[in-house]
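Then we'll walk through some of its features together.

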Amino acid sequence: MGRFVAVICAVTVVGGAASFGVPAQANAVERRGPAQSNWRDALVASIADPDQLPLGMNSPDCRSANGRRPVVLLNGAFLNKYATWSKFSPQLAGAGFCVYGLDYGGPADGPFHQVGDLRSSAREIKAFIDGVRARTGSAEVDVVGYSEGGMVPLYYLNVLGGARAVRTLVTLAAPVRGMSGYGILDAVSAVPQARRALASVLPAAVDGAAGSSYFAEVGEGGLTRPGVRYVSVSSVADLVVMPDEARFPAARNVTNVVVQDHCPQDHVFHGSIIYDDTALGLVQNALEPAADRVPRCTRRGPLG
């Protein structure tokens, strides 16, 4: 049982606030760290200084260029704002977007967050987005969620009424249909004692498992809502989230994008996808569909 928990925690670690309407972390000091070019350096820097913000995030005086909607970036499990978004946040801000983000799901202190149950996390996100909309005067936001950050908005949209406040949801390597962990999480979930042990240390993993009560609830009435535009970006080289788990059900308002369809030599894996030029280019295209830029294509190894 302990081995099962350790395996799930390790898988999630590989994968993956000064806020408006959400209490700030204790003793948090708002300062911005430098942009990072890879996930390893970003993770190390975020552990050394967990209170730093990515460049361009949560700027109080930001005004979006050309009528763009504010963009809310949502972290993956066991990460923080800086570890996740120190490349993409300044990239978006430089393109004229107002960028916002938070650490959610607890614990309040330290570098590792997003471990709590997904329903409570969704309520935190709702409060944060309500604050962003009030501050910016924008009726709608766009949301980009990496890994767990793509699962949590489903409860906000489908159960808490967030579909009225979100125009576009972009998920990046997110198991939007629930996660099996290539069978490991399924095995844990099938054993009540193991499931209870996992729930005691990592409730997010239990909620995020395929077939969980969380996914049963968000799936009532369908996984997607007609007023929201959905874009998923995934990689066939992801060793944490299976490709089918990352795709939304087909619909007129759904686009499922695979990195290798645009760059076959890019074998980006789960942890590095948030620092991958092709993947981030596809996300930015989803936020600016009229621009339709050709994403940069670079060769990347499985653990690059």
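Where is the place of Pro 107? Pro 107 sits in the loop between S4 and H5. Keep in mind that this is a predicted model.

Most peptide bonds are trans, and most residues other than glycine have a negative phi. Now check the bond that joins Gly 106 and Pro 107: this one is cis, with omega at about -5°.

The loop between S4 and H5 also holds Gln 114. Gln 114 isn't a glycine, yet its phi is positive, about 65°. Gln 114 is buried, too, with a relative accessible area of 0%. Ser 147, in the loop between S5 and H6, also has a positive phi, near 55°. With 10% relative accessibility, Ser 147 counts as buried.

## The nonpolar cores

The largest nonpolar core has 35 residues, and Val 72, Val 143, Leu 154, Leu 169 and Phe 248 touch the most other members. Strands S3, S4, S5 and S6 each give two or more residues to this core, and so do helices H5, H6 and H10.

Zoom in on Val 143: leaving out residues up to four places away in sequence, its contacts include Val 72, Ile 129, Pro 153 and Leu 169. Apart from this core lies another one, of 31 residues, among them Leu 53, Phe 97, Val 231 and Val 259.

## The largest pocket

The largest pocket has a volume of about 190 Å³. It is lined by 13 residues, and the closest to its centre are Val 257, Leu 282, Asn 285, Ala 286 and Asp 292. Helix H12 gives the largest share of the lining, 3 residues. By type, the lining splits into 7 nonpolar, 3 polar and 3 charged residues.

Methods
Residues numbered from 1 in each chain as written. Predicted model: local features only at pLDDT ≥ 70, side-chain atom pairs only at ≥ 80, totals over all residues. Heavy atoms only, no water. Core = buried A, V, L, I, M, F, W, Y, C linked by side-chain atoms within 4.5 Å. Buried < 20%, exposed > 50% of the residue type's maximum accessible area, 1.4 Å probe, protein only. Helix = DSSP H or I, 4+ residues; strand = E, 2+ residues; numbered from the N terminus. Contact = heavy atoms within 4.5 Å. 1 Å grid on protein atoms, 1.4 Å probe; cavity = no way out; pocket = protein on both sides within 12 Å on 5 of 7 lines; lining within 4 Å. Points joined across faces, edges and corners; volume = space filled by probe spheres on them. Nonpolar A, V, L, I, M, F, W, Y, C, P; charged D, E, K, R; others polar.
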